[in-house]
Amino acid sequence: MSPIAYTGLIIAVAVVLFVTNKVPVVLVAMGTSLALWATGVLTLPQALSGFGDPAVIFIASLFVVSSGLEMTGVTAWAGQLLIKGAGEESRTRLLLLMMGLVALLVALISLNGAVAALLPVVVVIAVRLRRNSSQLLMPLVFAGHAGSMLALTGTPVNVLVSEAAIDAGKAGFGFFEFALAGIPLLAGTMAIIILFGEKLLPQRNGATMPTDFSRHARTLVEQYGLASGVYQMRVRATCPYIGQSASVVDLAAYPGLQFVAIQEGESGGPLRRGTIAEGDQILLRGDAEAAANFSVAMHLAFRDESAASGQGEETLFNRRSGLAEVVIPPRSGLIGQTVFPGMVTESGDLIVLAVQRAGEEIVAANATKGAGGIVLQSGDTMLLQGTWKALDTHLDDPDVLVVSSPELVRRQAVPMGPGAKQAVIILFAMVLMLATGIVPSAVAGLLAAGAIILCGIMSVEQSYRAISWTTVILVGAMMPLSTAMIDTGAAKMLADRLVALVGDAGPTALLAGLFVLTAIMGQLISNTATALIIIPIGVAAAASMGISPRPVLMSTAVAAAASFLTPIATPTNLMVMGPGGYKFSDYWKLGLPLMIWFFVVSVFIVPLIWRF
């Protein structure tokens with residue numbers, strides 16, 4: 001068999017495996033690279049070259065930056081703005097705000113990250129406003145597809161077409177240049193959804209809904225009896241405790257109070273220093289009048305009004321620190337150990353606030369250190385408090401089961417949390433570097449990802465987990481296929497046949513043919529994989545017709561974003577299927593009008609902006 005025949009056979013097998021979804025996409029992609037080497041189409045360095053490609057490095061770095069924005073509560077803040085501005089009556093206003101917000105987030109942090117962050121917010125809105133989730137979630141995702149064309153960072157396909165333009169000897173696409181096509185796409189998408197969405201979408205709610213953590217803190221403090229009676233007091237310069245050890249805090253004269261812990265003023269975590277200093281926080285639990293008398297006598301200041309009123313939600317759960325509920329599982333090493341409210345864990349970073357057994361709190365007065373504490377049993381639950389960083393770091397212990405991940409809770413419930421300002425500055429710095437082109441895109445991405453880690457927003461391990469390795473491996477392993485199609489002449493042969501098929505109809509017909517091919521494949525397999533197959537064909541066809549490849553590449557990017565007709569077209573389409581109560585056949589009803597609009601933009605508007 002000739003190299004062209006081998007390449008065609010490998011593509012056919014890969015497409016079938018992608019469509020049937022019997023084999024994980026990562027294995028299909030890796031198998032494609034290895035098959036190109038095994039058949040002699042490519043050398044081994046060529047078959048593995050995609051993993052070192054700058055586009056792959058850039059895509060991986062974007063996942064880290066995106067996760068940094070989520071972890072610091074930037075997306076939670078955006079979601080709260082949406083809830084605040086949505087109102088209760090106007091469907092049009094709600095949809096406009098929702099679609100505009102998701103489009104903006106997608107342009108900056110990726111489609112998957114934006115939809116994952118806003119999905120529970122939109123579900124909560126549906127519940128609060130008594131609207132069917134099916135009327136909101138598909139518009140959320142489809143507007144996200146349109147928003148992916150607003151900037152270079154919107155989708156990996158944008159990065160691929162920009163790199164392909166450079167490889168073809170032309171200028172790459174600027175950071176915001178995609179918006180010239182993206183703005184018409186988004187405007188048309190919004191108009192179609194607002195005008196026809198209500199009739200084209202089903203009226204139902206999903207059987208499975210994502211968890212809403214917006215009221216998580218209130219739920220925990222009420223469940224553990226901490227909704228009132230928890231006080232945080234700041235140590236003033238005149239406080240007699242300054243320079244003394246924590247053991248000097250004596251509440252014998254205040255029988256209505258219980259000492260919980262002392263928190264360092266700088267970190268908000270349990271006191272690690274040997275002595276108390278100005279600015280440290282003393283955490284107490286008990287009677288309000290006794291707390292007020294104690295604060296006056298010891299020259300302490302309530303942290304804020306909520307602390308003065310004993311509102312546990314604000315005192316224990318804020319931007320610096322949070323709560324976590326853990327369960328003692330069978331065979332845990334903690335069974336038989338003694339704990340008590342106010343105890344600091346072995347790590348020195350977490351405080352035990354309360355313990356429940358069979359859903360009932362073990363009374364604090366009988367569970368103090370002096371009374372012998374609480375001997376833990378299987379099934380007991382503990383409420384722990386500490387800084388968000390400490391909760392992330394120390395709750396992966398196999399001796400406890402975490403009820404709700406602190407990271408997920410923080411992303412939803414703590415808007416603009418610790419590190420949010422730094423994350424936003426890093427994002428805008430990356431956007432500035434990409435927009436001005438002062439450094440290559442891969443360098444800008446790596447600098448931004450490195451800054452996220454150096455600022456302490458994420459650890460190295462968290463950055464590893466933030467990267468969608470399926471996407472990275474898919475892109476890296478499928479890139480050599482483009483090389484094979486060009487080197488063997490397969491791309492030129494397919495392009496020549498496509499050009500012959502459109503005949504004298506000209507470049508517009510070429511764009512139409514490429515759109516149909518890309519859009520059809522994109523409903524069945526990853527739009528990234530589709531783009532990697534179509535891009536070399538489009539570039540070769542442009543060369544054959546003697547036209548610029550830039551409008552062909554931009555048209556391909558638009559077509560790849562038109563993944564509307566099936567739930568398997570993109571992970572986000574599938575993400576909303578359960579919460580929205582959608583069936584497989586629901587997607588094409590709204591998706592088809594949107595795809596027609598994308599076709600119009602791709603075939604007729606793109607050539608007006610990027611000339612042949």
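In what order do the five strands of the open sheet stand? Keep that in mind as we look at this model, which is predicted.

Here is the order: β8, β7, β10, β5, β11. The pairing is antiparallel. A quick reminder for anyone new: strands of a sheet pair through backbone hydrogen bonds, and the pairing can be parallel or antiparallel.

Now look at the edges. β8, residues 360-361, stands at one, and β11, residues 401-402, at the other. Each has a single partner strand, so one side of each is left without a neighbour in the sheet.

Let's stay with β8. Its pairing with β7, residues 350-357, is antiparallel and runs over two bridges. Find glutamine 356, and opposite it you will see glutamate 361 in β8.

On to strand β1, residues 230-235. Why do we call β1 largely enclosed by the rest of the structure? Buried here means under 20% relative accessible area. Five of the six residues of β1 are buried, so the strand is largely enclosed.

Which strands pair with β1? One is β3, residues 281-286, which runs antiparallel to β1 and is joined to it by five bridges. Take arginine 234: its bridge partner in β3 is glutamine 281. Another is β4, residues 300-302. β4 also pairs with β1 in the antiparallel sense, over three bridges. There, valine 235 has leucine 300 as its bridge partner.

Definitions and conventions:
Residues are numbered from 1 along each chain as its sequence is written. This is a predicted model: local features need pLDDT of at least 70, side-chain atom pairs count only at pLDDT 80 or more; totals for chains, interfaces and linings use all residues. Side-chain values use heavy atoms; hydrogens and water are left out. Two strands pair if DSSP finds at least two bridges between them. Helices (H or I, at least four residues) and strands (E, at least two) are DSSP runs, numbered from the N terminus. Buried means under 20% relative accessible area, exposed over 50%, partly exposed in between (1.4 Å probe, protein chains only).
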